[in-house]
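Please read the following explanation with the sequence and the 3D view side by side.

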Amino acid sequence: MLLLVVVAFAAVIVPGVSGRRVFGSAVPAAVPPAPATADCVTAISPLPPVDVDTDESARTSYPSAVYGNCSGPIIGEVMSIDLTEHPLARATIGSYQHASSECELSEVNYVGSIGPFDPATITTPGIAWQADVSVQSLAIGPSALQRAAGQSWTACVGATPDRSPYRGRIGDALVDGVLPPAFATCWRSMMSSTEQQVAEMKVPCATPHPVEIIALTEIFDARTTPAQVNKSCVGMASRAFRTADPTRGGRLKIAAYSFTSSWLEPLTTVAAGSGFLGCVASVDDPARLTGTLIGIGSKPLPITG
């Protein structure tokens, strides 16, 4: 009996000591392929540091992204993809920043652009507007698993400035779509330089607000008059909204203002090199806008009150 107990005990213990044999055959791990243009990004790993004290020659890794369903909240979109081999293992802070700056070249092709000149005022004199649209261009690389599998591509991702989630698409938004509110510039009031600033002026365009900054320009011709600038501003708003009447029968006010990051002043004179001018859409109290106007077309105005 004792012998039988010892044999049974050994049968249980010995295989555990020497390791259990597992039957089957190895299969390769599934490695995700490189993303494609217009793929949606749901998360991005931390970016390399960009503060002034950072050593630009320090080695770094490209951030990687998680891609997901475009119908849900996303934080960016792939604007372009470069499948040629890149020396990612030798990337530095400086080379990464250079790659991200080159990504900005993809923005116009992907997001589109609004013509800077109003045909009605292009020669008297020419006033070039730049749409106040904020897309952060980021260089993205393969994940650790993809790099281990030999992938070395880079992608250019257009994200919100603070990488906050949004719905909608920025692809061709300035050509035939509607810009997601997270990329537009909206203010909480029409504060002037004579008023005391009590809060950050910029607010999310998806929240109620009375002011949207449509575009910016600088004037370098001393002969330019406020009337010419205002006429050109209305033309810019018409192109940005894709509508013949950007005021929608007077429900919106469209006008140019002297502009800084914290106040707007009515345009009474235009001095060469005097700083930025803003083309502004606004509503009077108690009305509020609840979305961006860029690309609104014939859709109902996002307005309450």
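Two strands pair if DSSP finds at least two bridges between them, where strands (E, at least two residues) and helices (H or I, at least four) are DSSP runs numbered from the N terminus. This is a predicted model, in which local features need pLDDT of at least 70 and side-chain atom pairs count only at pLDDT 80 or more, while totals for chains, interfaces and linings use all residues. Residues are numbered from 1 along each chain as its sequence is written, and side-chain values use heavy atoms, with hydrogens and water left out.

Strand β6 (residues 154-159) has antiparallel partners: five bridges join it to β5 (residues 136-140), with Ala139 bridged to Cys156, and six bridges join it to β3 (residues 76-82), with Gly76 bridged to Ala159. In a regular strand the side chains alternate between the two faces of the sheet. Thr154, Cys156 and Gly158 point one way from β6, whereas Ala155, Val157 and Ala159 point the other way, and all are buried (under 20% relative accessible area with a 1.4 Å probe, protein chains only; exposed is over 50%, and partly exposed lies in between).

A nonpolar core is a set of buried Ala, Val, Leu, Ile, Met, Phe, Trp, Tyr and Cys residues joined through side-chain atoms within 4.5 Å. The largest one has 45 residues, and Leu179 is one of those that touch the most other members. Helix α4 (226-241) is among the elements that give two or more residues to this core, and its six residues are the largest share. Apart from this core lies another, of 19 residues, which include Trp153 and Ala155.
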